[in-house]
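Morning, everyone. One structure today, and I'll keep it brief. Have a look at it first.

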Amino acid sequence: QAEIIDIAQTLEQIDRDSSLAEQERRELNAIERALGKMALGSFGICEECEEEILPKRLFVVPETRFCARCQAVEERQQARTRGLPGAMIR
């Protein structure tokens, strides 16, 4: 029985490590995208409405892709499609 518990704990740790690694990859991709935008001169411009993202938002979330309004719309769309098979999330 102790062996089964050890295996379960090991599998749980592997799952946590995998989740953290995936989160780190997403964060790194977002940072690299922001750096690319800086190089192209498009940093701080919303990818959806093409309006300027407020500096205070960029200060808090420098890798953001959307202004606060478009981010709210994006989150609502994701909430609606979360869990639906075949749902498209952009």
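Let's start with one residue. Cysteine 49 is partly exposed, and its relative accessible area is 25%. Keep in mind that this is a predicted model.

Where is the closest cysteine sulfur to that of cysteine 49? It sits in cysteine 46, at 3.7 Å. That is too far for a bond, because a disulfide needs the two sulfur atoms within 2.5 Å.

Now cysteine 70. Is this residue buried or exposed? Cysteine 70 is buried, with a relative accessible area of 9%.

On to the fold. The chain has 3 helices and 0 strands. Along the sequence, that reads α-α-α. The radius of gyration is 19 Å, while the globule rule gives 12 Å for 90 residues, so the chain is more spread out than a compact globule. The C-alpha trace spans about 60 × 30 × 20 Å along its principal axes.

Of the 90 residues, 14% are buried. Take the contacts with a separation of 6 or more: 17% of them join residues 24 or more positions apart.

The accessible surface is about 7400 Å², and carbon and sulfur atoms hold 57% of that.

Methods. Residues numbered from 1 in each chain as written. Predicted model: local features only at pLDDT ≥ 70, side-chain atom pairs only at ≥ 80, totals over all residues. Heavy atoms only, no water. Helix = DSSP H or I, 4+ residues; strand = E, 2+ residues; numbered from the N terminus. Rg over C-alpha atoms; globule rule 2.2 N^0.38 Å. Buried < 20%, exposed > 50% of the residue type's maximum accessible area, 1.4 Å probe, protein only. Contact = heavy atoms within 4.5 Å. Areas by Shrake-Rupley, 256 points an atom, 1.4 Å probe, with all protein chains shown as cover.
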